[in-house]
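Please look over the sequence and the model below before reading on. The paragraphs that follow lead through the structure one region at a time.

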Amino acid sequence: MLNSMRGRLQYYYKLHPFLFFFISLSFGVTILIILAVYERRFRLMNSYKNFAVDSVNYPFPNLKNLVMVAGHSVYTSSSCGKVDKEDSWFLESYQRNLGQASTFLSHIKEGIEITAKDDEALLLFSGGETRKDAGPRSEAQSYWGVAESKRWFGNEEKVRWRALTEEHARDSFENLLFSVCRFRELTGFYPHNITVVSYDFKEERFSHLHRSAIGFPEKRFFFSGTEAAATSKAAALKGEALVRAQFEQDPYGCLGSLRRKKLGRDPFHRSIPYPNGCPEIEGLFRYCGLAPYPGFLPWA
């Protein structure tokens with residue numbers, strides 16, 4: 001059988017030498033590409049295991065779940081006694097509605113209460129220095145400071161020590177992706193479960209579009225939404241429909257209007273440290289495309 005196959009190959013080689021050479025070369029290159037892809041995947045998996053084993057170097061190695069509160073504004077008042085007043089926050093024109101400040105407090109409180117019920121949860125307030133006129137103050141630090149002024153809504157002992165910030169996100173997709181990386185920096189692992197706290201009308205954006213973009217399992221992803229201010233709900237729903245449509249066309253926010261909006265929310269040109277703290281998903285940070293990210297994901 002082997003002699004017969006060898007004979008056929010010699011026959012085809014003599015009949016079409018250049019075609020035979022091209023087919024052989026293509027086959028060899030294909031094999032090398034497949035081996036290279038699997039070698040990289042294997043190396044990344046081993047790298048993640050080695051990082052995770054040395055958990056003594058991480059400040060929160062025993063925390064397994066992420067609770068992320070997405071920031072929407074910067075607190076600008078010099079007093080902590082007016083956190084529920086609109087003039088204490090830097091508000092864009094579309095945010096200047098009665099009751100807007102109270103919605104920020106609702107997000108903060110909701111995140112704290114969810115974390116208090118889960119002894120294995122790490123709470124992250126996420127949001128960068130997004131407003132030039134608000135000064136170099138981040139949304140995340142604003143939320144943490146408000147939580148501190150409210151004494152963590154009665155959960156100071158249970159939550160404060162495991163509530164931190166992610167201070168570079170410029171949009172909702174980065175709120176999620178950057179917080180996952182920040183969780184890895186703090187625990188040595190990627191989160192087992194993720195809970196996002198934001199406005200209820202953003203559930204589809206987070207739970208479907210952003211979750212799918214990072215390939216996180218649906219059964220381990222949760223969303224807790226609070227209501228928008230009654231005076232701004234109609235406009236908020238209209239605006240959300242527009243943004244959701246943009247992310248449907250640009251899932252990673254790296255093209256067109258979403259990219260321009262993101263650049264506009266970085267008035268102080270802050271250097272983003274990620275993915276230094278989460279090297280296993282470096283490819284996800286670099287990826288820009290319409291199709292789902294095809295590379296290795298530790299949680300997939």
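**A covered helix and its surroundings**

Helix H6 is mostly covered, since 15 of its 16 residues are buried, where buried means under 20% relative accessible area, exposed means over 50% and partly exposed lies in between, with a 1.4 Å probe and protein chains only. Helices here are DSSP runs of H or I with at least four residues, strands are runs of E with at least two, and both are numbered from the N terminus. This is a predicted model, in which local features need pLDDT of at least 70 and side-chain atom pairs count only at pLDDT 80 or more, while totals for chains, interfaces and linings use all residues. Residues are numbered from 1 along each chain as its sequence is written, and side-chain values use heavy atoms, with hydrogens and water left out.

The protein as a whole has 10 helices and 7 strands, and buried residues make up 46% of its 300 residues. Of the contacts in the protein with a separation of 6 or more, 74% are between residues 24 or more positions apart, a contact being heavy atoms within 4.5 Å.

To return to H6, its 16 residues should span 22 Å at 1.5 Å a residue, and this agrees with the 23 Å between its end C-alpha atoms; the expected span is 1.5 Å times one less than the number of residues. At the start of H6, a side-chain oxygen of Asp 171 reaches to within 3.2 Å of the backbone nitrogen of Phe 173, and just after the helix Gly 188 takes a positive phi of about 90°.

Ser 172 lies in H6, which covers residues 172-187, and this serine is buried, with a relative accessible area of 7%. Its side chain makes a polar contact of 2.8 Å with the side chain of Arg 205, and another polar contact, of 2.7 Å, joins the side chains of Ser 172 and His 210. A polar contact is a pair of N or O atoms within 3.5 Å; within protein, one must be able to donate a hydrogen and the other to accept it, and residues adjacent in sequence count only if both atoms are side-chain atoms. Leaving aside neighbours within four places in sequence, Ser 172 is in contact with Arg 205, Phe 206, His 210 and Phe 247.

**Two helix pairs**

How do H3 and H4 lie relative to each other, roughly parallel or roughly perpendicular? H3 (residues 100-116) and H4 (residues 139-149) pack at an angle of about 75°, with their axes 10 Å apart, and they are therefore roughly perpendicular to each other. Phe 104, Leu 105, Ile 108 and Ile 112 in H3 meet Tyr 143, Val 146 and Ala 147 in H4, and the residues of this contact divide into 7 nonpolar, no polar and no charged. An α-helix has 3.6 residues a turn, so residues three or four places apart point the same way.

**A strand residue and some loops**

Ser 224 is found in strand S7, residues 221-226, and at 13% relative accessibility it counts as buried. A polar contact of 2.6 Å joins its side chain to that of Glu 110. Ser 224 and Val 197 are 27 residues apart in sequence, yet 4.9 Å apart in space from C-alpha to C-alpha.

In the loop between H4 and H5 lies Arg 151, whose phi is near 50°, a positive value in a residue other than glycine, and which counts as exposed at 63% relative accessibility. Phe 153, placed in the loop between H4 and H5, has a positive phi of about 50° although it is not a glycine, and it counts as partly exposed at 23% relative accessibility. Pro 275, in the loop between H9 and H10, is joined to Tyr 274 by a cis peptide bond, with omega about 10°.

Conventions
Axes are lines fitted to C-alpha atoms, for helices over the stretch in contact, and angles run from 0 to 180 degrees between N-to-C directions. Angles under 35 degrees count as roughly parallel, over 145 as roughly antiparallel, 65 to 115 as roughly perpendicular and the rest as oblique. Ala, Val, Leu, Ile, Met, Phe, Trp, Tyr, Cys and Pro count as nonpolar, Asp, Glu, Lys and Arg as charged, and the others, Gly among them, as polar.
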